Protein chains: 2
Amino acid sequence: MVNWKNLDTLASYEELLKTKKVSLPEVMSGESGAERVRKYSVPMAEGFVYNYAAKQVDDEILAVLAKLAEEAQLVDKYQVLYNGAVVNTGEKRLVLHHLTRGQLGETVQADGVDKRAFYVEQQKKIAEFADKVHEGKIANGAGEKFTTVVQIGIGGSDLGPRAIYLALENWAKKQNTLKMQARFISNVDPDDAAAVLDSIDVAHSLFILVSKSGTTLETLTNESFVKDALRNAGLDASKHMIAVTSETSPLAKSDDYLAAFFMDDYIGGRYSSTSAVGGAVLSLAFGPEVFARFLEGAAEEDRLSQNKNLLENPAMLDALIGVYERNVLGHMCTAVLPYSQALSRFPAHLQQLDMESNGKSVNRFGEPVHYQTGPVIFGEPGTNGQHSFYQLLHQGTDIVPLQFIGFKNSQMDTDVVIQGSTSQKKLCANVAAQIVAFACGKPDENCNKNFEGGRPSSIIIGEQVNPGSVGALLAHFENKVMFQGFVWNVNSFDQEGVQLGKVLAKRVLAHETDGALKEFSGLFQI
Amino acid sequence: MVNWKNLDTLASYEELLKTKKVSLPEVMSGESGAERVRKYSVPMAEGFVYNYAAKQVDDEILAVLAKLAEEAQLVDKYQVLYNGAVVNTGEKRLVLHHLTRGQLGETVQADGVDKRAFYVEQQKKIAEFADKVHEGKIANGAGEKFTTVVQIGIGGSDLGPRAIYLALENWAKKQNTLKMQARFISNVDPDDAAAVLDSIDVAHSLFILVSKSGTTLETLTNESFVKDALRNAGLDASKHMIAVTSETSPLAKSDDYLAAFFMDDYIGGRYSSTSAVGGAVLSLAFGPEVFARFLEGAAEEDRLSQNKNLLENPAMLDALIGVYERNVLGHMCTAVLPYSQALSRFPAHLQQLDMESNGKSVNRFGEPVHYQTGPVIFGEPGTNGQHSFYQLLHQGTDIVPLQFIGFKNSQMDTDVVIQGSTSQKKLCANVAAQIVAFACGKPDENCNKNFEGGRPSSIIIGEQVNPGSVGALLAHFENKVMFQGFVWNVNSFDQEGVQLGKVLAKRVLAHETDGALKEFSGLFQI
């Protein structure tokens, strides 16, 4: 039986507050630093390593974090979750995204079916459909192959699949496995859809409408936009569209779509990249085998997160170090800094995943909490960021903990040697250098050139951005966020904070406003 | 004579700390809210309006902010700056980016020339060159027109020009003024250059190498990359490349380039979008007339920033409200939320502009300051963000002040009516609704659905994203950051914080490391 308790009621949290702080410039210098890099390192899925040598922890703090993991029953709660308990208490729902990539525990029955079997069935249906599209058996009205797939969705139906597509697009080109190019339409801004439609050949494009409820305003609006474009091109829209939705949605059995693939209420948008939401677009773009490989990477990380030993469970360790930084050291933000252009939109996905999951002020029972919860997440790829906002990270008045991600090998394997090294080596040298610069700093008599150091970072190092590694990386962060939600005792799976704006926007469009809202509407001439 | 004083030595700052806090749910409700929206509004350049009704200020606080503006001599310092004083004290340089768009004050002589005349001369040279390219008088080896322009640069040579290009690309398509498509290569990650080169027709591409010193490692590396690609395609690289650099750089007179256009040490990278750095790529992409229109928008805002009346100087007002939020209310971040897909990369540019300028812990004399300086800046376009990180903004445990940007009209003028309104109206309705939702909140007995409100925002409202408005918007934020730097008494024009990482990266590549750095290098097999 698990107990859901607030962080500030836990004895290990009290103990954590009393631990001695670590001075990074001290411990990361000389042989002590080298020793930490060797020791504070844990293997992850898919050949990744999570290295936390430059985090402000030591054996004593790690021991208390291990107690906290135990007292907060983090792995037990994970088990309860994947075994089908109603962990999303606000919406009274199960939380089953892990089952899209494997059966971690007991069989989970819901809606009268085995949910793992249900997700696998959708994967198979998508795979069969994608194969037929690639073979030209499902083709446009003129019998020609589709060359482009366009995902119409917003939030979780957009950010995750888009980040993953961009991560693998060039890898796939290099492997000759890019079956279709993918594009994404998300914003209700009409210029978003117009620009995407302007840049593709609609006659050879297949559109995926992604909406669980079938009622998301942005997505339905963009669907109309696309249907207009198809009609204007003299095409039959129903031959160019498929739907990813829930079985009970109005879209599920509509003749407007070539096919419909299903998701359900047990997978939130931001956790849906491994469901049909990511499955359809990624299988069409890269082929079902690539999508399956991506799921394997995620599954391997999911199994690793079952480990009760904190030092052998990288997602839980990453989570707890984050809690230490947030609730003991008092840092408000975390920057995610992938040294890989392929991961250019991965920080935007993590921003959603983390901030939408844990940006809460009440616990899972709806009671206000009296400690900080989810941090602000932002980031851009390195080395670009080094020439931009790193100034503040190095010398600003606040400390921002950092999460680096780096890879030994490039995707496209085209490189040049300048000043004795390849670009890939330069990229790796830069991230290694940054970790030490942030941790150790460098004293200078000229205060303007002085680096205090003491700025904590961790790094995830992998071989290459490829389907398996992207899956593992995604699952690592999903599980990190989940563990942090457990520690903070919040419900990481609802999002009530997005509702009020929707209600008020409807009121504006219905001209049912007064006061400030009426005046603002007037400024926009609504 | 201006006096450079720390914020915490100013009497008006002491007074500001003692002002009574404003309760947004209170003042923004009912008729009081409507009154604030009408009253707390100031015209900007190019038809924009800056509305700060939903900021946590009132007449009393505004009066003290006006005193602070006067005591800190903000407009006087701006005047000193554009009249050519050595305001970048760290690097002992003038700060002259305003002169690229107009002569605001006295003639400024440096390096033996009139600097305004120098910048205008570069603009003319670029315009002549661009016209010849567009007419086909300057063409590739086969005498064919160039169709694509590729900017090779990083940091300020990338983020600003890229954000502006993306802001205007679809506008230009709609106006039939897109002369060449533009692409950007920035990251030392070899996959960045490889992917861009893979996506263009190199035989019809013109490359712009942008490096002030001619020594930026990323840029020189990517130049080699591009030259290899040109050679492999059997092309003469020198017929496909131009340089934007300083007159004293090794690139300035090299035969490797078709032409060279000049910038100088008085314009920092992040302020260089209106110099030759932005001028070359934007004039080639859109035509010199469009670039000139963009400069006019910036110039109009620059003149507005000369106004000593705080309530008629939107950049200074925005700056001081930001200081109030940072130093009195204690907020660490600011989110920039443009409701326009065209401005998708504008937040990334502002992130650099702001964080690299004011992320400092020492004042302009190199002495440590004892107050917070530049905030963390992040953001994504709305409505996308509403389905993502807005959850934390609405209900998280920390308050993040918000900067909305919205437009009455779309760029492409293609729209659909769904549920009685166009997409553009929906977009505008959403941003209006968000302001009120954040400010007023909405009580609910169910704490999970409760919105406390009290989350401050301002909004900049314009007619459309077009050359003039983008220029004005850019200058507004440049001048806001400058005024904040004056208040904090920091040097907003150097970036010593990016140096240490460079030095250490070189050491890694030279294998001159020990301790933690050696171990990290080992993890990457360097």
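Where is T383(A) found? I began with that residue, and the chain is a predicted model. T383(A) sits in the loop between β11 and α14 (390-395) of chain A.

**Entry 1: confidence**

I looked up the scores before going further. The model has ipTM 0.97 and pTM 0.98. For chain A the mean pLDDT is 96. In that chain 100% of the residues reach 70 or more.

G382(A) and T383(A) are joined by a cis peptide bond, with omega of about 10°. Then I looked at chain B. There, too, a cis peptide bond joins G382(B) and T383(B), and omega is about 5°. T383(B) lies in the loop between β11 and α14 (390-395) of chain B.

I also noted Q419(A). This residue is not a glycine, yet its phi is positive, about 50°. I found Q419(A) in the loop between β13 (417-418) and β14 (421-422) of chain A. I flagged these spots because most residues other than glycine have a negative phi, and most peptide bonds are trans.

**Entry 2: the sheet of chain A**

I traced the strands next. Chain A has an open sheet of six strands, in the order β1-β2-β15-β12-β10-β11. The pairing is mixed. At the edges are β1 (41-43) and β11 (376-378) of chain A, and each pairs on one side only. From one strand to the next the twist averages 15°.

Strand β10 (residues 333-338) of chain A runs parallel to β11(A), and three bridges join them. Which residue of β11(A) is the bridge partner of A335(A)? I found F378(A) there.

**Entry 3: the sheet of chain B**

I repeated the trace in chain B. Six strands form an open sheet, ordered β1-β2-β15-β12-β10-β11, again with mixed pairing. Its edge strands are β1 (41-43) and β11 (376-378) of chain B. Each of these pairs on one side only. Direction ignored, neighbouring strands are turned by 15° against each other on average.

Here I picked another strand pair. Strand β12 (residues 402-407) of chain B and strand β15 (residues 457-462) of chain B run parallel, joined by six bridges. I405(B) has I460(B) of β15(B) as its bridge partner.

I also asked what lies across β10 (333-338) and β11 of chain B. Helix α13 (residues 346-358) of chain B does, running at about 170° to β11(B).

**Entry 4: α7 against α13, chain B**

I stayed with α13(B) and looked for a helix partner. The axes of α7(B) and α13(B) come within 8 Å and cross at roughly 155°. The cut-off for roughly antiparallel is over 145 degrees, so α7(B) is roughly antiparallel to α13(B). Their crossing is left-handed.

I listed the contact residues. From α7(B) they are L159(B), G160(B), A163(B) and A167(B). From α13(B) they are F346(B), A348(B), H349(B) and Q352(B). By type, five are nonpolar, three are polar and none is charged.

**Entry 5: α7 against α10, chain B**

Helix α7 (residues 159-175) of chain B and helix α10 (residues 276-286) of chain B have axes that come within 10 Å. The axes cross at roughly 20°. Angles under 35 degrees count as roughly parallel, so α7(B) and α10(B) are roughly parallel to each other. The crossing of α7(B) and α10(B) is right-handed.

On α7(B) the contact is made by G160(B), P161(B), I164(B), Y165(B), L168(B) and A172(B). On α10(B) I noted V277(B), G278(B), V281(B), L282(B), A285(B) and F286(B). This contact of α7(B) with α10(B) has 10 nonpolar residues, two polar and no charged. G160(B) is in the contact with α10(B) and also in the contact with α13(B).

**Entry 6: where the chains touch**

Last, I looked at the contact between the chains. How many residues does chain B give to it? Chain B gives 127 residues, and chain A gives 127 residues. On the side of chain B that touches chain A, helix α15 (residues 423-440) of chain B gives the most, with 14 residues. I sorted that side of chain B by type: 55 residues are nonpolar, 48 are polar and 24 are charged.

Definitions and conventions: Residues numbered from 1 in each chain as written. Chains lettered and ligands numbered in written order. Predicted model: local features only at pLDDT ≥ 70, side-chain atom pairs only at ≥ 80, totals over all residues. Axes fitted to C-alpha atoms, helices over the stretch in contact; angles between N-to-C directions. Helix = DSSP H or I, 4+ residues; strand = E, 2+ residues; numbered from the N terminus. Parallel < 35°, antiparallel > 145°, perpendicular 65-115°, else oblique. Left-handed = near helix turned anticlockwise from the far one by under 90°. Contact = placed C-beta atoms within 7 Å. Nonpolar A, V, L, I, M, F, W, Y, C, P; charged D, E, K, R; others polar. Pairing = 2+ DSSP bridges. pLDDT = per-residue confidence, 0-100.
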